[in-house]
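The following note sets out, point by point, what may be read from the coordinates. Please keep the structure open while going through it.

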Amino acid sequence: QISEAEVALFSVPSYACQRRTTRDNHNSNLTDALSLLAENAELNNEDGRGVAFRRAAALMKALPTQVISMSQLRGLPCLGEHSLRVIKDVLENGVSSEVESTKQSKRYKALKILTGIFGVGAKTADRWIREGIYNLEQLRDSGQTLNRAQKSGLEHYDDLNEPVTKAEADAIGEIVQKAVDSVLTGSQVALTGGFRRGKLTGHDVDFLITHPEEGKEVGLMPKVVAWLESQGFLLYQKTTRNSYLESKDGPARPASNMDRFERCFSIFKLTKGKEQESTQPEEQNDLKTKDVLRPHMQVDTDQQLCELSKNYQMEAASHKIWRAVRVDLVVSPISQFAFAVLGWTGSKLFERELRRWAGHEKNMSLSSHALFDNTQNKYLRATSEEEIFAYLGLEYIPPSERNA
Ligand code: CTP
Ligand code: MN
Ligand code: MN
Ligand code: MN
């Protein structure tokens, strides 16, 4: 039994962008529970509830030690009645009954499986469930019309649901850099998203591309995509052109949270083992290649060739030599680069909180393009993330501490 006096009280600021949240989490039992309920709310299009659980989870993630008693939480922000009930349940019983019943529910399971298909969101999944479709087999049998993204998503389902490693992200980074160098000298590629925050795995890899000379980046994406396509690196891509309107004296006011950069949602074909290639000695690689190639070269008849090809296909299917990886590419002009890097580094909640802070506390509008001061009625220019935090009156938080 621990007396209240022995239990330290936490003091935590209420906006996630005022806090340093590393990957090191002392309350994963609580954050897992709250995150699952947030995810379930989002899957059911209950955005308000989703954000409330995300904020509660982020607050627990930021605590410096493990919570053992409800009394430690007194006075903390971001914890609503519902989140407190969930936390209490976990602290007292080891699990939350609401989380357990959600996990078991037929609807939650189906929503997870169906939205696990690239190109399928909560609305589509809900419609399919109402038509009696709960899994991939039923979806295939139903004869539903799938769009191009969903067809690709279904085809590469297992690969795309397997976490991407940092080594794979780096291998793709090298390919993207090569693509960019080939189409426009001097272009720069920056790794953003979760990997920039130091995460060890991700659901995709995010890159931001720019050029030090303003305007040179215009039309860059289609060229990069064409190069990648010509080299056989793309299994799927959808490019959206820049829809950001420049006014005479600067970029237009950010109208929504959605940015309007030239972007490409893609699926890369990544050769397996490529990320380890550089760590292997050259000779060893040579030997392996020769050993594999030699029998293939002694082909005398068509029948032998056919056999060989069949064997090769079976071999390739049993231990596939490549995998599909989701990659997001975004092109930004250099004048907006700092805002774009900040906006694409995440986490999603950290970004949402930055914008809420800007609006509610500073009367400013922040987007991935610009920062507008509504009081002074002018844009605040920045060439670094540090400057943007300073304009916002926030202590600078490095990427590795934005894991809210
Ligand atoms: N983002 C965005 N507009 C989108 C999609 C994403 O601005 N249409 C931003 C998000 O706000 C986030 C960043 O891009 O800051 C990365 O998003 P995402 O890849 O979804 O998440 P990660 O944090 O990288 O996590 P994961 O490892 O799961 O990919
Ligand atoms: Mn710690
Ligand atoms: Mn990502
Ligand atoms: Mn992404």
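1. Helices α2 and α3 are oblique to each other, since angles under 35 degrees count as roughly parallel, over 145 as roughly antiparallel, 65 to 115 as roughly perpendicular and the rest as oblique. The model discussed here is predicted; local features need pLDDT of at least 70, side-chain atom pairs count only at pLDDT 80 or more, and totals for chains, interfaces and linings use all residues. Residues are numbered from 1 along each chain as its sequence is written, chains are lettered from A and ligands numbered from 1 in the order in which they are written, and side-chain values use heavy atoms, without hydrogens or water.

2. Helix α2 spans residues 47-61 and helix α3 residues 81-93; their axes are 10 Å apart and form an angle of about 50°. Axes are lines fitted to C-alpha atoms, for helices over the stretch in contact, and angles run from 0 to 180 degrees between N-to-C directions. Helices are DSSP runs (H or I, at least four residues), numbered from the N terminus.

3. Which residues bring α2 and α3 together? From α2 come Arg-49, Ala-52, Phe-53, Ala-56 and Met-60, and from α3 come His-82, Ser-83 and Ile-87, contact meaning heavy atoms within 4.5 Å. Five of the residues in this contact are nonpolar, two are polar and one is charged. Here Ala, Val, Leu, Ile, Met, Phe, Trp, Tyr, Cys and Pro count as nonpolar, Asp, Glu, Lys and Arg as charged, and the others, Gly among them, as polar.

4. The manganese ion (ligand 2) has Asp-24 (OD) and His-26 (NE2) as its protein donors, at 2.4 to 2.6 Å. Donors are N, O and S atoms within 2.8 Å of the metal (3.2 Å for Na, K and Ca); water is not among the atoms, so sites may look incomplete. Asp-24 is partly exposed because its relative accessibility is 47%, and His-26 is likewise partly exposed, at 33%. Buried means under 20% relative accessible area, exposed over 50%, and partly exposed in between (1.4 Å probe, protein chains only).

5. The manganese ion (ligand 4) is held by Asp-204 (OD), Asp-206 (OD) and Asp-328 (OD), which lie 2.1 to 2.2 Å from it. The sequence spacing of these donor residues is D-x1-D-x121-D.

6. Asp-204 (OD) and Asp-206 (OD) also coordinate the manganese ion (ligand 3), at 2.0 to 2.1 Å. Asp-204 bridges ligand 3 and ligand 4, two manganese ions 3.6 Å apart. Asp-204 is buried because its relative accessible area is 6%; Asp-206, at 9%, is buried too.

Technical notes: Helices (H or I, at least four residues) and strands (E, at least two) are DSSP runs, numbered from the N terminus.
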